[in-house]
Amino acid sequence: MSSPIYVIGHKNPDTDAVCSANAYAWFLREQGMKEVEAACCGELNARTLFALTEAGMPQPKLVMDVRPTIGAIAQRTIISAREDEALLEVYRRMQQNHVRALPALDDQRTLRGILSFPDLMELVLPEQGTSDAHGRVIETSLGRIARVLDGTFVHAVEQDREDSLLVMVAAMSTGAFIERLKQFPVERTIIVTGDRPTLQVPAIDYGVRCVIITGGYPLAQELIELAQEKKVSVIISPHDTATTTLLLRGAKIVRPAVQRTFEKFPETALIEAVSRKVQNSAQDLFPVMNGHDGMVGVFSKSDLVNPERTQLILVDHNEYAQAVTGADQARIIEVIDHHRLGGGLISREPIRFINEPVGSTCTIVTKFLF
C-alpha cells in the first residue's frame with residue numbers, strides 16, 4: 001500500500017485552508033491519485049465546522065507532525081526465532097532470509113531478546129581453553145537432535161525432555177570403549193557409532209540416554225528389544241559419523257546465545273533522534289514496539305539511511321513557519337496559495353507552485369474543476 005500524500009493547510013487552520021485541502025484532495029483522487037488525503041494541522045474552529053457540516057464535507061485528517069518516525073520505516077514482516085529452537089534451524093533461517101540477526105521470542109510470542117550470527121557461532125565454537133568435557137556438552141532434547149540430523153527414531157524415550165547431554169563418539173576397541181563409558185554419567189550420555197554391534201551392545205546394555213547409529217544402518221531386532229528393555233533411545237542418522245558429530249552441535253538450543261540487554265524503540269520515535277542514539281551501537285537489529293509493548297516490526301541501521309519522507313501538498317500557505325511540524329523534513333511536491341511569498345521554502349526538485357492574487361485558495365482550486 002502506498003504512503004499517503006497529504007494536502008494540508010497552515011497551522012491554526014481557517015475555512016479557506018480546510019476547504020481548499022478537501023476540494024483539491026478530492027480533485028486529485030478523481031484524477032487517479034488514490035493515495036491523496038486531505039489533512040489539517042490544528043483544531044477546526046466553529047465557523048469551519050459549520051461550513052463543512054452545511055456542505056456535507058468530511059473533516060480532514062488531523063496530522064500534527066510529519067517528521068519521519070521509526071514506525072514508518074520498520075519492516076513489518078518479522079523473521080524471528082523461538083529461544084528454544086535448535087541452532088541449525090535458526091542459522092538456516094538466517095541464511096534463507098539473508099539476515100545476520102533475529103528477534104528471539106518465547107512460546108507466547110513475547111520478545112525475549114536478539115539473536116545475532118556471531119553469538120550463534122559461539123555456541124558452535126568453544127572458547128580457547130575450554131575443556132574437552134565442556135566442549136562435548138549439548139543443551140537440547142532428543143527430538144531436536146533427530147530433526148537436525150534428519151534422523152529416524154527406532155525407539156524414543158521422552159524425546160522432548162531437555163537435557164545437558166554429553167556426546168561420546170565410539171571409535172575405539174570394545175574394551176577401551178567399555179572402560180571409557182564408565183567415566184560418563186549414564187543418564188546424560190549419547191553414543192555416536194556406526195554399524196558396530198560390538199559397541200552398540202555394551203552402550204545399550206549400559207543404559208545410556210541415546211545411541212545414534214550413523215550411515216543409515218539399521219539396528220538388529222534383538223538390539224531394538226534390548227533398547228526397549230533398557231529404556232534407551234535410538235536414532236538412525238543418514239549421515240556418516242563425522243557429519244553426524246558436526247551436526248550434533250547444531251542441535252543446541254539457542255537460548256544461551258540470546259542477548260537479553262538490547263535497545264528497542266516505540267514506533268513513534270523520531271528517526272533523527274534514533275539515528276544519533278544507535279550510530280555507535282554494536283547491536284545489529286532493533287525491535288519496534290507499539291503502545292502495548294508488543295513488537296510490530298524491526299529495523300537495522302541501513303534502514304535509517306535516506307528514509308522515505310512524507311509527501312505534502314501545501315495549500316493556503318507557502319512558508320515553513322506556518323506549515324505542519326516537520327514540513328522541512330518532508331517532500332513538498334506542490335504548493336497552491338494566494339498569499340505573499342515567504343522565506344525558507346526550498347524544494348529538492350522542481351515542483352508545481354501556483355500563487356495567484358485572488359481572495360482565497362479555494363478560488364484557485366475551483367479553476368481546476370472547470
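This note sets out numbered points on the structure shown above.

1. Basis of the model. The model is predicted, so local features need pLDDT of at least 70 and side-chain atom pairs count only at pLDDT 80 or more, while totals for chains, interfaces and linings use all residues. Residues are numbered from 1 along each chain as its sequence is written, and side-chain values use heavy atoms, with hydrogens and water left out.

2. Salt bridges. The structure has 18 salt bridges, a salt bridge being a side-chain nitrogen of Lys or Arg within 4 Å of a carboxyl oxygen of Asp or Glu. One of the networks to examine joins E158, R161, D163 and R209 through salt bridges.

3. The pair E85 and R93. Their side chains form a salt bridge with an N to O distance of 2.7 Å. E85 is buried because its relative accessibility is 6%, whereas R93 is partly exposed at 22%. Here buried means under 20% relative accessible area, exposed means over 50%, and partly exposed lies in between (1.4 Å probe, protein chains only).

4. The pair E334 and R352. These side chains meet in a salt bridge at 3.3 Å, N to O. E334 belongs to strand 17 (residues 331–337) and R352 to strand 18 (residues 352–355), so the pair ties together parts that are 18 residues apart in sequence. Helices (H or I, at least four residues) and strands (E, at least two) are DSSP runs, numbered from the N terminus. With 8% relative accessibility E334 is buried, while R352, at 42%, is partly exposed.

5. The pair E356 and K367. The closest N and O atoms of this salt bridge are 2.6 Å apart. The pair links distant parts of the chain, with E356 in the loop between strand 18 and helix 13 and K367 in helix 13, eleven residues apart. Both residues count as partly exposed: E356 has a relative accessible area of 24%, and K367 has 48% relative accessibility.

6. The cavity. The structure holds one cavity of 30 Å³ or more. On a 1 Å grid over the protein atoms alone, a cavity is a set of points where a 1.4 Å probe fits but cannot get out, and lining residues have an atom within 4 Å of a point. Grid points are joined across faces, edges and corners, and a volume is the space filled by probe spheres set on the points. The largest cavity has a volume of about 60 Å³. Its lining includes R309, Y320, D328 and E349. The lining residues divide into four nonpolar, one polar and five charged. In this count Ala, Val, Leu, Ile, Met, Phe, Trp, Tyr, Cys and Pro are nonpolar, Asp, Glu, Lys and Arg are charged, and the others, Gly among them, are polar.

7. A nonpolar surface patch. W26, L369 and F370 form this patch, with about 400 Å² of accessible area together. Patches are made of residues with over 30% relative accessible area and no salt bridge, nonpolar side chains (Val, Leu, Ile, Met, Phe, Trp, Tyr) being joined within 5 Å and like charges within 9 Å. Accessible areas come from the Shrake-Rupley method with a 1.4 Å probe, and for residues only the protein chains shown count as cover. F370 lies in the segment after helix 13 (361–369) and is exposed, with 82% relative accessibility.

8. Backbone angles. Most residues other than glycine have a negative phi. D150, which is not a glycine, has a positive phi of about 55 degrees; D150 sits in the loop between helix 7 (142–149) and strand 8 (152–155) and is exposed at 54%. E158 likewise is not a glycine and has a positive phi of about 50 degrees. The place of E158 is the loop between strand 8 and strand 9 (163–169).

Key
On a 1 Å grid over the protein atoms alone, a cavity is a set of points where a 1.4 Å probe fits but cannot get out, and a pocket is an open set with protein on both sides within 12 Å along at least five of seven lines; lining residues have an atom within 4 Å of a point.
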